[in-house]
Amino acid sequence: MKVVHTIKEVREIVKEWKKEGLSIGFVPTMGYLHEGHKSLILKSVSQNDRTVVSDFVNPTQFGPTEDLARYPRDLERDSKLVESAGADLLFNPEPSEMYPPHTTTTVNTTEVTEHLCGARRPVHFGGVCQVLTKLFNIVTPNRAYFGQKDAQQLAVVKRFVRDLNFDIEIIGCPIIREDDGLAKSSRNTYLSPEERKAAVILSKSLKAGKALIEAGERSSKKVIDEITKVLNTEPLARIDYVSVVDNVNIQPIDTIKGEVLVAIAVYIGTTREIDNFIIEVND
Ligand code: AMP
């Protein structure tokens, strides 16, 4: 596996692969990789001749009060994981390589970014689509892989690729969890041992919400109330949002019907954690 830091190197390698008619899978990440990222890479390796992973903490998707400076980084550890998963190329650019001075073109998103994390993090999805536009143009993959962990991001990316005619198949992959149910996340490293224990409340609350729907409840409000009640049993948890939306347009719904996304964001201490489940209801 090769590790490269410049756009030029990626383009040269990809050009050779394309000459040979090879298919390319792409897994964009912000690094500090774990089993969740690895599952995406393994999926890409199984479906493509070559797999490229990007490892870049993208500054434009962080708001001014967010955790850009303290976001964990460890390229050596990441490259071992990427190589062990069978990827072919790891792209780790400096911010200056991706954003030369006077970068003035941005990507604007609407509707799918109105609610959930889009409402709480106003610059976030514009930044995500901006960096993906650049990475997609650099890597030119046939397929790109995203985790259901960031469910709104997956919906945004599917829409953005359709709206702007990127010829890339977007593939969603299931959430990988710790044994106690906590969704794996690079941000889990921020948690103190006490907070780590408390963080299990996210998946626990979603389990309770899901059980209610499976038992026949169709009122979004009742499901939100149940999840809120469980989250409030944990003194270290502070709710950012608990929402029930349709999983395509990410708009709030009163009645649970069709493909529904139940998503939460919760502060455990100062760490903001997200989790969700998707349920299909056709009755
Ligand atoms: P990040 O490095 O956090 O930007 O994540 C890069 C990709 O990995 C995104 O598509 C995430 O949705 C995905 N991802 C992160 N955590 C998990 C997880 N626990 N399970 C599955 N995919 C994940």
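Is C129 buried or exposed? C129 is buried, at a relative accessible area of 0%, where buried means under 20%, exposed over 50% and partly exposed in between (1.4 Å probe, protein chains only). This is a predicted model, in which local features need pLDDT of at least 70, side-chain atom pairs count only at pLDDT 80 or more, and totals for chains, interfaces and linings use all residues. Residues are numbered from 1 along each chain as its sequence is written, and side-chain values use heavy atoms, with hydrogens and water left out.

View 1. Searching the whole structure turns up zero disulfides, a disulfide being a pair of cysteine sulfur atoms within 2.5 Å.

**View 2. Helix α6 against helix α7.** Here α6 (residues 124–139) packs on α7 (residues 151–163) at an angle of about 55°, with the axes 11 Å apart. Helices (H or I, at least four residues) are DSSP runs, numbered from the N terminus. Axes are lines fitted to C-alpha atoms over the stretch in contact, and angles run from 0 to 180 degrees between N-to-C directions. The pair is therefore oblique: angles under 35 degrees count as roughly parallel, over 145 as roughly antiparallel, 65 to 115 as roughly perpendicular and the rest as oblique. On the α6 side, look for F125, V128, C129, L132, T133 and F136, which meet Q152, Q153, V156, V157, F160 and V161 in α7; contact means heavy atoms within 4.5 Å. Sorted by type, the contact residues are nine nonpolar, three polar and no charged.

**View 3. Helix α9 beside helix α10.** The axes of α9 (residues 201–214) and α10 (residues 220–231) come within 8 Å and cross at roughly 150°. That's why the two count as roughly antiparallel. From α9, the contact takes in residues including I201, L202 and L206, and from α10 it includes V223, I227 and L231. This contact has 10 nonpolar, two polar and three charged residues.

**View 4. Helix α1 meets α6.** The axis of α1 (residues 7–19) comes within 8 Å of that of α6, crossing at roughly 45°, so α1 is oblique to α6. I7, V10, R11 and V14 in α1 touch N137, I138 and V139 in α6. Five of the contact residues are nonpolar, one is polar and one is charged.

Conventions. Ala, Val, Leu, Ile, Met, Phe, Trp, Tyr, Cys and Pro count as nonpolar, Asp, Glu, Lys and Arg as charged, and the others, Gly among them, as polar.
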